[in-house]
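Subject: Structure handover

Hello,

Here is the structure I promised to pass on. Please open it alongside this note.

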Amino acid sequence: MDPEELLMETEDGMDKTLEFMQQEFTAVRTGKASPALVENMDIEAYGSTMKLKQLALITAPEARLLVIQPFDQGTVKDIEKAIKESRLGINPASDGKLIRLPMPELSQERRLELAKTVKQMAEETKVRLRGVRRDAIDSLRKAQKAGEITEDMLHDNEVAVQKLTDKSVKAVDEALAAKEADIMKV
């Protein structure tokens with residue numbers, strides 16, 4: 001096992017974890033309409049589960065309105081059902097061809113609830129990052145026991161893995177602060 005390769009894999013794993021968190025953050029509603037809010041929503045259609053962006057065109061013509069235009073009118077009811085069952089708290093209005101999602105003003109209580117949800121997502125991301133770190137350090141220790149790397153190399157690489165972890169945790173904290181500010185902005 002090459003320590004450099006392990007560090008690259010570790011950094012890649014941490015980057016993917018951060019990307020996943022960013023995707024989760026975009027699905028949390030703020031005061032304004034954004035297609036990212038619903039585009040990755042799972043929809044039961046055609047006998048399988050598909051993402052909404054595969055079934056419809058999603059636009060935000062106004063700051064407080066999303067318009068979903070399904071490619072096939074037969075999926076309108078499926079999309080409506082998924083939106084109603086989601087945790088977005090938005091009631092879809094449909095005319096049979098288009099689905100309109102008016103974004104109601106967020107109450108202070110709802111804003112605090114969303115901020116709490118985002119904090120929980122960030123904490124889960126930090127747990128995943130620590131898991132990636134633990135796996136990397138375990139691999140390094142196994143390599144050292146097998147005689148593939150020296151004790152000094154083990155120590156140096158453990159420090160490098162910790163630096164990657166610290167950098168990623170800082171990125172989580174910055175993203176969390178930005179999202180919380182976005183949610184709390186009236």
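Below are the findings, grouped by topic.

**Ground rules**

This is a predicted model, so local features need pLDDT of at least 70 and side-chain atom pairs count only at pLDDT 80 or more, while totals for chains, interfaces and linings use all residues. Residues are numbered from 1 along each chain as its sequence is written, and side-chain values use heavy atoms, with hydrogens and water left out.

**Salt bridges**

The structure holds 10 salt bridges. The term means a side-chain nitrogen of Lys or Arg within 4 Å of a carboxyl oxygen of Asp or Glu. Three of them follow.

- Glutamate 11 pairs with lysine 167, with the closest N and O atoms 3.4 Å apart. Glutamate 11 sits in helix H1 (residues 3-26) and lysine 167 in helix H5 (residues 151-184), so the pair ties together parts 156 residues apart in sequence. Helices (H or I, at least four residues) and strands (E, at least two) are DSSP runs, numbered from the N terminus. Glutamate 11 is partly exposed, at 30% relative accessibility. Here, buried means under 20% relative accessible area, exposed over 50%, and partly exposed in between (1.4 Å probe, protein chains only).
- Aspartate 173 meets lysine 126, with the closest N and O atoms 2.7 Å apart. Aspartate 173 is in helix H5 and lysine 126 in helix H4, so this pair ties together parts 47 residues apart in sequence. Aspartate 173 is partly exposed at 34%, whereas lysine 126 is buried at 15%.
- Glutamate 113 bridges to arginine 110 at 2.8 Å, N to O. Both lie in helix H4 (residues 108-145), three residues apart, about one turn of the helix. Glutamate 113 is partly exposed, at 42% relative accessibility.

**A buried loop residue**

Threonine 75 is in the loop between strand S4 (65-70) and helix H3 (76-85). Its relative accessible area is 2%, so threonine 75 is buried. What does threonine 75 contact, leaving aside neighbours within four places in sequence? The partners are Ala45, Tyr46, Leu55 and Pro70. Contact means heavy atoms within 4.5 Å.

**A charged patch**

Asp2, Glu4, Glu5 and Glu9 gather in a patch of negative charge on the surface. Patch residues have over 30% relative accessible area and no salt bridge, with like charges joined within 9 Å. Aspartate 2 lies in the segment before H1. Aspartate 2 is partly exposed, with a relative accessible area of 41%.

Best wishes

Methods: Patches are made of residues with over 30% relative accessible area and no salt bridge: like charges are joined within 9 Å, nonpolar side chains (Val, Leu, Ile, Met, Phe, Trp, Tyr) within 5 Å. Accessible areas come from the Shrake-Rupley method with a 1.4 Å probe; for residues, only the protein chains shown count as cover. Lys and Arg count as positive and Asp and Glu as negative; His and the chain ends are not counted. The place of a charge is taken as NZ of Lys, CZ of Arg, CG of Asp or CD of Glu.
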